[in-house]
Amino acid sequence: MFDFSFLLSYNIYGEVNMDIKEKLEILTDGAKYDASCSSSGSNRSGKFGSTNRSGICHSFTKDGRCISLLKILLTNCCIFDCKYCINRKSNNIKRAIFSPEEICYITINFYKRNYIEGLFLSSGIIKSPDYTMNFLIQTIELLRKKYHFSGYIHAKAIPGASPSLIKRLGSLVDRMSANIELPTQESLKLLAPNKNNENIHKIMNYVKNNRGKNFVPAGQSTQMIIGATKETDYDIMKKSSSMYENYNLKRVFYSAYISVNKDNLLPTLKIPPLKREHRLYEADWLLRYYNFRVEDLLDSENPNFNILVDPKASWALKHLDNFPKEVNVCSYEELLRIPGIGVTSAKRIIKYRRHFKLTFKDLKNMGVVLKRAQYFITCDNKFYINSTYLNKSFIEANLVIDNDIKALPYGEQLQLF
Amino acid sequence: MQDIYIYNNTFKGLLCLIYELLQKKIKPYNIKGLDYTPNLFDNLIKLNLKYDGDIIQKFIEEFGNYNFKIIYYVYLSLNAKKEIIIYYYLKNYYNYYRNLPYMRNLKCVDEALKISKKVSAECHKFKGFTRFKKLKNNVYYAEINPDNDILELLSIHFKRRLKNEFWLINDVNRKIISMYNKKDFEIIPSGNWQFKLETSEEENIFLEMWQQFYETVSIKERENLACRRNFMPKKYWKYIEEVKKEL
């Protein structure tokens, strides 16, 4: 059995033998700020459970995020004191710790009732990174070996743990991630003095070099906090792009900063910068699936995204001389750069236009958003709208109005140009 | 008069009928199931059909795996015109052969692809939204209310996932039930059976924990109910434990 006596020195306010329901509440509350919840990319099947290559969402929370994994912490006790984190050492909050058996018990029973797709296990750091890592490994090993669980498991790698432990954990899970948290070393130093950028990069590098069928098959991801420090969108996107290139990451998650702690190093935001987060996700997609480079979207003179127009439309407005494109002849790469045409509809256009000449009606049927694409395309050399008005300010004004302003979270202020 | 051809409400029956119509080059005004109520101008025709051999195998050989999957998914849908869409889809196969699925400017192809996509999308949703309860006799029981007839597709998924449990999935809308005995599942009509459902004692513990997890994991500052409704339409909430009480 695990010896919990050391916990007495970590200002635990609850009891170790606290009710399991109360533990679940405390340890969910501490884990909820992690954005990642995907369950895709792995194809596992065994005595008990399976994974689905495209991932399955089991429920949606009131904030509209998907629940597919049981997202919990092993413990919210932590020896680190990261300024932005709810679980930091100096916070006076209720602390709890799960035993490995308790986690298995909840996971298996939730799984059998089809509440969840698997487990997302993270942890505060107790004693030392290696010690915490061992604790994680022991839990997941129990789940995989004793209970033969072959559902999805996403585990956090603890920065600073030794490579042999990372290897063991990686061979048990589907996805492993280490959070970079802040885009630059300086910010990290300021807000998370115990964390070291290099340790995180070491983990990513290790995972990248060893990934395979039996080691982190669903790949790795990371997360950055948006709006806690003064970095521009340009800094953030440069960091993301370099991580995609260097470590083959599946995803970078962006998490709008929510003030959970008071600290004079932290900004006081009443409302998290959700619109900015949204723009970063859009740009992230452009990098991964649309062959855009960061330099196409931002530069040091315009280091932030336009809140009113999405990144792809902004790019198109800046390069109006490239348009209109004739959808019946232009290449896949060109199609991808047209606002209102996504990866799916671009692929369809390529697939179908070999067999018949496309009309605007066909485009609509294929899922092209004509509301946005109409200013940038011709079909059979015809425009969808009267082309005499097509100039930058006309298009821009129309796109801004179409940009669903209602979708903004309540109370968020629009920043005009 | 409008010639309405009637089939016996089974997939095989529909295939036999369409096969016959295509062979004899008959153009039906419509194709309907047994429960169709005719109007004044309808001329109902019931053919005496016989096909020796496996009609499904025949169709797969004739039209290919992909097209067969499309028409099967269309058949599972709730769409009122599904039979005639399938007929025209298959009829056009002889004009375009393997290029058929690319002819999206044809109404029947466009509709068929859209409907089959809808069915598979709903099935995917229910892979997540199905909620099992453990009964006293260790059987896991779930009730679902999908629009389309996805029970078979869903059962294939759960056969892989919960292979060492006994489970039942009850499609409340269609009154059919899928039963799994740790080897294979069978779908039978549940009629007006009254199920005596005694849930196991531990059931409430997990349900409470799950509901509490659901409440806790949401971030208050980011609340966005419209977004949630978008992903999890209210029509499904009746059998989803954690949101049921919000209805």
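**Figure 1. Overall make-up of chain A in the predicted model.** Chain A contains 15 helices and 10 strands, where helices (H or I, at least four residues) and strands (E, at least two) are DSSP runs numbered from the N terminus. This is a predicted model, in which local features need pLDDT of at least 70 and side-chain atom pairs count only at pLDDT 80 or more, whereas totals for chains, interfaces and linings use all residues; side-chain values use heavy atoms, with hydrogens and water left out. Residues are numbered from 1 along each chain as its sequence is written, and chains are lettered from A and ligands numbered from 1 in the order in which they are written. Along the principal axes, the C-alpha atoms of chain A fill a box of roughly 80 × 50 × 35 Å.

Figure 2. Chain A is divided into domain 1 (5-177 + 196-210) and domain 2 (311-407), with bounds that come from an automatic or database domain assignment. The C-alpha centres of these two domains of chain A lie 44 Å apart. Chain B is divided into domain 1 (2-121), domain 2 (130-200) and domain 3 (201-247), and the C-alpha centres of its domains 2 and 3 are 22 Å apart. Between these last two domains of chain B, 12 residues of domain 2 are in contact with 11 residues of domain 3, contact being defined as heavy atoms within 4.5 Å.

**Figure 3. Helix α1 of chain A and its packing partners.** Helix α1 of chain A spans residues 20-29, and its buried residues are A:I20, A:K23, A:L24, A:I26, A:L27 and A:T28; buried means under 20% relative accessible area, exposed over 50%, and partly exposed in between (1.4 Å probe, protein chains only). These buried residues pack against β3 (69-73) and α2 (100-112) of chain A, together with α7 (203-217) of chain B.

**Figure 4. The surroundings of A:S123.** A:S123 lies in the loop between β4 (118-122) and α3 (129-146) of chain A. Because its relative accessible area is 11%, A:S123 counts as buried. Not counting residues up to four places away in sequence, A:S123 touches A:L73, A:L74, A:T75, A:T132, A:L136 and A:I158.

**Figure 5. The surroundings of B:P189.** B:P189 belongs to strand β8 of chain B, which covers residues 185-189. Its relative accessibility is 60%, and therefore B:P189 counts as exposed. Leaving aside neighbours within four places in sequence, B:P189 is in contact with B:K175 and B:I176, while its C-alpha atom is separated by 8.3 Å from that of B:R174, 15 residues apart along the chain.

**Figure 6. Overall make-up of chain B.** Chain B has 9 helices and 8 strands, and its C-alpha atoms fill a box of roughly 65 × 40 × 40 Å along the principal axes. Buried residues make up 48% of the 247 residues in chain B. Among the contacts in chain B with a separation of 6 or more, 65% are accounted for by residues 24 or more positions apart.
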